[in-house]
Amino acid sequence: MKNALLFASLLTAAAQAQTPSFKEQQIDDAVGIGYGLAVADVNGDQRTDILLADSKVIVWYENPTWKKHIIAEQLTEKDHVCIAARDINGDGKCEIAVGAEWNPGDTTGSGAVFYLIPPADRTQKWEPVKLTHEPTTHRMKWVRNRGGRYDLVVVPLHGRGNDKNGEGAGVRVLAYHLPDDPHKEWNTTLVQGTMHKTHNLDIIPAPGTEAESLLLCGREGVVRLDPTDNGWKEHWIAQHPKDSTELLGAGEVRYGAFAGGQPYVATIEPMHGDKLVIYTPKPEGPKNGTWERRVLSGELVDGHAIATHDLLGLNNRQIVVGWRAQQKIGKVAVKLFWTTKEDGSGWNEAMIDDGGMACEDAVCADLDGDRDLEIIAAGRRSKNIKIYWNQRNQ
């Protein structure tokens with residue numbers, strides 16, 4: 001009898017772990033565009049705060065009140081577009097960099113990159129230090145290098161002077177090396193320079209080192225970039241030929257893993273596309289060959305956000321995907337996809353927000369210290385930021 005009760009209890013716990021339950025809280029209903037989100041401890045109180053690169057302001061929302069602090073305004077005439085926030089010196093407070101002067105139609109004179117120096121009171125305005133840049137600055141992340149320091153990796157959308165079809169010069173993805181005095185010149189090194197329409201990137205552990213590798217997606221597909229003593233080594237996860245009528249590149253990319261530790265890569269295809277896609281290593285074939293492609297959904301309308309984390313306690317990474325239906329007919333949404341299969345089959349799905357979030361970006365973090373991750377999303381046409389509180393252990 002005891003064994004039967006124990007088994008029933010385990011089944012109930014497993015079922016609860018696999019049933020998504022989130023309670024939404026809107027913390028801002030006056031967002032301009034909500035281009036880019038980040039999560040980090042801004043003020044050193046050991047709580048994870050939310051940061052936003054909005055069209056005209058750079059802000060952070062203070063955990064747990066979610067009070068909005070404006071730390072930079074109108075850094076350039078045109079919009080801010082991206083943000084990178086991470087504690088890179090170990091003092092418990094994040095460093096912040098932002099990208100601005102967003103004008104994807106100008107592939108020669110647009111773009112801007114700033115490092116923000118904090119005042120003693122981090123709720124006040126931060127000092128912007130303008131860095132050299134490539135046109136169409138679009139995404140950025142702080143990335144740990146082989147020397148144990150952190151570089152700012154900046155990804156433009158287009159190559160310098162290339163045409164509207166994404167041809168011509170490749171995108172120059174640069175790593176910025178922080179000097180002891182951030183006011184002085186920042187040296188840069190080329191990370192990758194042959195892709196086009198490089199819309200996003202992700203950080204993954206580098207093999208055999210404490211440094212970090214990158215996933216970069218664009219018109220040519222998805223490439224993993226591993227740091228070496230002689231630059232960055234390429235390993236193509238997915239290659240999309242220029243003449244393909246089906247494989248048209250990827251706009252978002254995130255690293256994932258199944259319960260047995262097998263990796264996968266999740267993408268939205270094409271850029272601003274309708275498909276949620278995963279790539280998994282081929283069971284047989286060359287170790288460094290391209291991976292198998294599988295379409296999980298074709299219902300996205302202008303897909304623009306992916307996050308991969310263990311939200312349900314399954315010892316694997318589930319996929320949060322959001323779409324914004326910008327200038328298109330269709331409903332906006334945030335949705336969760338998950339599987340318990342180690343081979344990447346048997347996916348389930350559940351709606352997190354059906355119509356209330358025109359998702360421009362989404363991230364995940366434990367905001368209340370209960371070891372469950374919340375979903376944070378920024379809406380473009382919906383003009384809002386929402387926290388979807390994880391109710392798994394409630």
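Is Lys197 buried, exposed or partly exposed? I looked it up: Lys197 is partly exposed, because its relative accessible area is 23% (under 20% is buried, over 50% exposed, partly exposed in between; 1.4 Å probe, protein chains only).

**Ground rules**

I note that this is a predicted model, in which local features need pLDDT of at least 70 and side-chain atom pairs count only at pLDDT 80 or more, while totals for chains, interfaces and linings use all residues. Residues are numbered from 1 along each chain as its sequence is written, and side-chain values use heavy atoms, with hydrogens and water left out.

**Lys197, continued**

I placed Lys197 in the loop between β13 (187-192) and β14 (200-205). I then checked Asn165, which is 32 residues from Lys197 in sequence. The C-alpha to C-alpha distance of this pair is 9.2 Å.

**Whole chain**

Next came the radius of gyration. The chain has 21 Å, which agrees with the value near 21 Å for a compact globule of 394 residues (taken over C-alpha atoms; the globule rule is 2.2 Å times the number of residues to the power 0.38). The C-alpha trace spans about 70 × 50 × 45 Å along its principal axes.

I looked up burial: 54% of the 394 residues are buried.

Contact means heavy atoms within 4.5 Å.

For charge, I have 44 positive and 54 negative, with mean positions 2 Å apart. Lys and Arg count as positive, Asp and Glu as negative, and His and the chain ends are not counted. Each charge is placed at NZ of Lys, CZ of Arg, CG of Asp or CD of Glu.

**Core**

How many residues does the largest nonpolar core have? I get 23 (a set of buried Ala, Val, Leu, Ile, Met, Phe, Trp, Tyr and Cys residues joined through side-chain atoms within 4.5 Å). Val113, Met140, Trp142, Leu152, Tyr176 and Trp186 have the most contacts inside this core. At least two core residues come from each of β6 (82-86), β8 (112-117), β9 (127-131), β10 (137-144), β11 (150-156) and β12 (173-177). In soluble globular proteins, nonpolar side chains tend to be buried together.

I picked Ala85 in strand β6. Ala85 is buried, at 16% relative accessible area. Beyond four places in sequence, Ala85 is in contact with Ala38, Val39, Ala40, Leu51, Cys94, Glu95, Ile96 and Trp142. Leu314 is 229 residues from Ala85 in sequence and 28 Å away, C-alpha to C-alpha.

**Loop between β2 and β3**

I looked at two residues here. Gln46 lies in the loop between β2 (36-40) and β3 (49-53). Gln46 is not a glycine, yet its phi is positive, about 65 degrees. I have Gln46 as exposed, at 76% relative accessible area.

Gly44 lies in that loop between β2 and β3 too. With 37% relative accessibility, Gly44 counts as partly exposed. Setting aside residues up to four places away, Gly44 touches Gly92 and Lys93.

**Another positive phi**

Arg371 sits in the loop between β26 (359-365) and β27 (374-379). Its phi is positive, about 75 degrees, although Arg371 is not a glycine. Arg371 is exposed, with 77% relative accessible area.

**Cis peptides**

Which residues does a cis peptide bond with omega of about 10 degrees join? They are Asn63 and Pro64. I found Pro64 in the loop between β4 (57-62) and β5 (67-73). The bond from Glu269 to Pro270 is also cis. There omega is near -20 degrees. Pro270 is in the loop between β19 (263-269) and β20.

**Gly289**

I ended on Gly289, in the loop between β20 (275-280) and β21 (292-297). Gly289 counts as buried, because its relative accessibility is 16%. Its contacts, leaving aside neighbours within four places in sequence, are His235 and Trp236. Thr188 is 101 residues from Gly289 along the chain, with 30 Å between the C-alpha atoms.

Methods: Helix = DSSP H or I, 4+ residues; strand = E, 2+ residues; numbered from the N terminus.
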